Amino acid sequence: MKNTGKGRANGRWLAIGRSIRWLMLLLCTALPMLAWSAESSVLGIGDSSGEASAEVSMPDPFGRDTPRQAVQGFISALSDNDYLLASNYLNLSKADNPATVIRQFKQALDAGGRFQTDLQLSNVPEGNLTDQLPPSQERVGDIRIADKNIPLLLERVVSKTGAQYWQFSSETLKPLAEVVENTEPTLVARYTSEALKDKKLMGYQLVDVVAAVVLTVGSFILTYVLVWLCYHLLKLIYPRVRGHQLPLPNRVILPLAVVIMALMLSEVMVYAGVSVTLREPVNRFTEIASWLAMTWLLLRVIDALFGRAEAMSYKRNHIERVSILGLLRKIVKALLLIFAVIVIFGNLGFDLTTGIAALGVGGLALALGAQKTIENLVGSVVVVADSPVRVGDYCKFGTYEGTVVDIGIRSSRVRTLSRTIVTIPNGDFSSMQIENYAARDMFRFLHNIYLKRNAEIDEIFRLVKDLNTFIEKHELTNQEWNQANINELRQDCYVIQLQAYVNAGSIIEFYDKQNVLFVDILNEIEKYKVEHALPTQQLIVDQDALMQEVNDTPDVSDTPNMPAATEPATPADNAVVLNKDDADAPDETDAETETDETPAAPTDKKSPASNSNLERVAKHHFRGLKRKLGY
């Protein structure tokens, strides 16, 4: 009995051990599966909604995500004659034969199909939501044959997997059979040689290539001749109607002819029946050519218009407008070129939205990196708007002065009196203190006349009064401020100040009028008893001291080692005035030292020695005075 109880207890423990082992095995198996399912749910691998979102986000393998891509993909498939690929762009029913429908569609497009330009076709998955059509439809062109018009419609299709893409609508495909039956052969089909049929060049029918080249060259020649005739006819009629020459130059003939040719070439090729597979690429390049020619034409017209406006400003003496017109011309040209580049890249297939956004980000980065350039641009706007100076004005700024040559977008140029060009950034130029000499409405005449004090005071007063009346009534002065007055009384002269304003358009004209005014004033002064004061200098010498120095100075010629005086004569304007009587007196010292062998000099004659000593002492004394006075 005891053995039986022990066996039952051991069996229970064995069963519990097996259960624990199975539970641990199940946990080890379930934990990795739970981790994998959690990771899958996060990554969207094992979820049906994740699969749907992945399918929606994936691009369409046939490139039908946007209306523009659907049209371009269909035309590309037609040019390759791949009808199986082209059928993916049509919303066909199960009863339709894809090859037959595509052949009828191509024939109708060749006869009168017109697609919108690439810029008009929407390049977003939702299409154009403002075209007054249902959100699931998009109009991309039409087919006009005789009196029938079939709209080319795209519709947005949702597949069983949830993918959305654009296809040509069944509304466009249903009436094709009836239209094609009544279609007449095109001009290209009528006049095509049998030798050119079924031959290809660069993947296109040789017949279509030859027709496209002939139509392009012929259209250009015809358009150029018509534009040339119209221009010269207008050039003859315009002066008789308006009274002046035609403002447009003959350089606008070529770009205008290219623009007209590009606009009419598409319709000419449709009328001739050129295949749509060649017509669409040609239309794309003619669209680019038309924008280039239009930009070229507008640049010529802008130059002509602004040139005429500047000429009229100079003619009417509105010089301040020239700087504004020059800056506006550059800004308009820059904006026109930017717009033309954006449009051309859009025709080449680039996304304009992304490009414009990139330009915005790039412009912000450029603005942060080119703050000085933007400062100069704003400074140019300030200089032009405030107009402290204009082109042709003579001004002074900082340490320079000269004539303004040009006010540009970044900097201004000034020609100095040394005939050099100084270039100043407009940011600095707008913040400078500028003195504009050309803005003077009149020139100031301000000069002094110096008269000697030996004239009578009544004569001076009468002269001043008459000069005041003379200046006021002179033909070259105006009534702004004319006055003659005694400005200063000096020890040697009267200072008469003459002040007046002279009307003159330039400094050269003012100098000429000032010369006439000077001569008339001097002639008026000659009528009075007055003398013009000149700058003089007077030296006064003490004669007694000079003679004492003469008597005490030994004769230099008697000294054996003393060199002879070699000083030059004194200038006339610094001459020393001496007493003639003292100079002619005989020298007593020399008379006492005479010997018997030498006869005495007469009392009324000068002694040679005395004269020599007097001259030397005078020179010596005068040199001392000159050193004291600083001469």
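What follows is a working chat about the structure above.

User: Before I dig in, what kind of model is this and which pLDDT cut-offs apply?

Analyst: It's a predicted model: local features need pLDDT of at least 70, side-chain atom pairs count only at pLDDT 80 or more, and totals for chains, interfaces and linings use all residues. Residues are numbered from 1 along each chain as its sequence is written, and side-chain values use heavy atoms, with hydrogens and water left out.

User: Ok. How many helices and strands in the protein chain?

Analyst: The protein chain has 21 helices and 14 strands. Those are DSSP runs numbered from the N terminus, with helices being H or I of at least four residues and strands being E of at least two.

User: And what share of the residues is buried?

Analyst: 32% of the 631 residues in the protein chain count as buried. Buried means under 20% relative accessible area, exposed means over 50%, and partly exposed is in between (1.4 Å probe, protein chains only).

User: What's the accessible surface of the chain?

Analyst: About 40100 Å², and carbon and sulfur atoms hold 59% of that. The areas come from the Shrake-Rupley method with a 1.4 Å probe, and for residues only the protein chains shown count as cover.

User: What about contacts between residues at least 24 apart?

Analyst: They make up 63% of the contacts in the protein chain between residues at least 6 apart in sequence. A contact here is heavy atoms within 4.5 Å.

User: Switching to the surface. Which residues make the nonpolar patch?

Analyst: Val 213, Val 217, Ile 221, Tyr 224, Val 225, Trp 228, Leu 229, Leu 254 and Trp 296, covering about 780 Å². Patches take residues with over 30% relative accessible area and no salt bridge; like charges are joined within 9 Å, and nonpolar side chains (Val, Leu, Ile, Met, Phe, Trp, Tyr) within 5 Å.

User: Which helix gives the most to it?

Analyst: Helix H9, residues 206–242, with seven residues. Trp 228 sits in H9, and at 40% relative accessible area Trp 228 is partly exposed.

User: New topic: how do H5 and H11 cross?

Analyst: The axes of H5 (residues 98–112) and H11 (residues 276–315) come within 9 Å and cross at roughly 50°. The axes are lines fitted to C-alpha atoms, for helices over the stretch in contact, and angles run from 0 to 180 degrees between N-to-C directions.

User: What do you call that orientation?

Analyst: H5 and H11 are oblique to each other. Under 35 degrees counts as roughly parallel, over 145 as roughly antiparallel, 65 to 115 as roughly perpendicular, and the rest as oblique.

User: Which residues meet there?

Analyst: Lys 106, Leu 109 and Asp 110 from H5 meet Val 276, Thr 277 and Arg 279 from H11.

User: What's in the loop between H4 and H5?

Analyst: Asp 96 is there, partly exposed at 34% relative accessible area. Asp 96 and Lys 174 are 78 residues apart in sequence, with a C-alpha to C-alpha separation of 9.9 Å.

User: Salt bridges next. How many are there?

Analyst: The count comes to 12 salt bridges. The rule is a side-chain nitrogen of Lys or Arg within 4 Å of a carboxyl oxygen of Asp or Glu.

User: Is the Asp 60 and Arg 64 pair buried or exposed?

Analyst: Buried on both sides: Asp 60 has 13% relative accessibility and Arg 64 has 5%. Their salt bridge is 2.9 Å, N to O.

User: Which partner does Asp 393 take?

Analyst: Arg 390, with the closest N and O atoms 3.4 Å apart. Asp 393 is buried at 5%, while Arg 390 is partly exposed at 22%.

User: And Lys 527?

Analyst: Lys 527 meets Glu 524 in a salt bridge of 3.3 Å, N to O. Lys 527 is exposed at 62%, whereas Glu 524 counts as buried at 14%.
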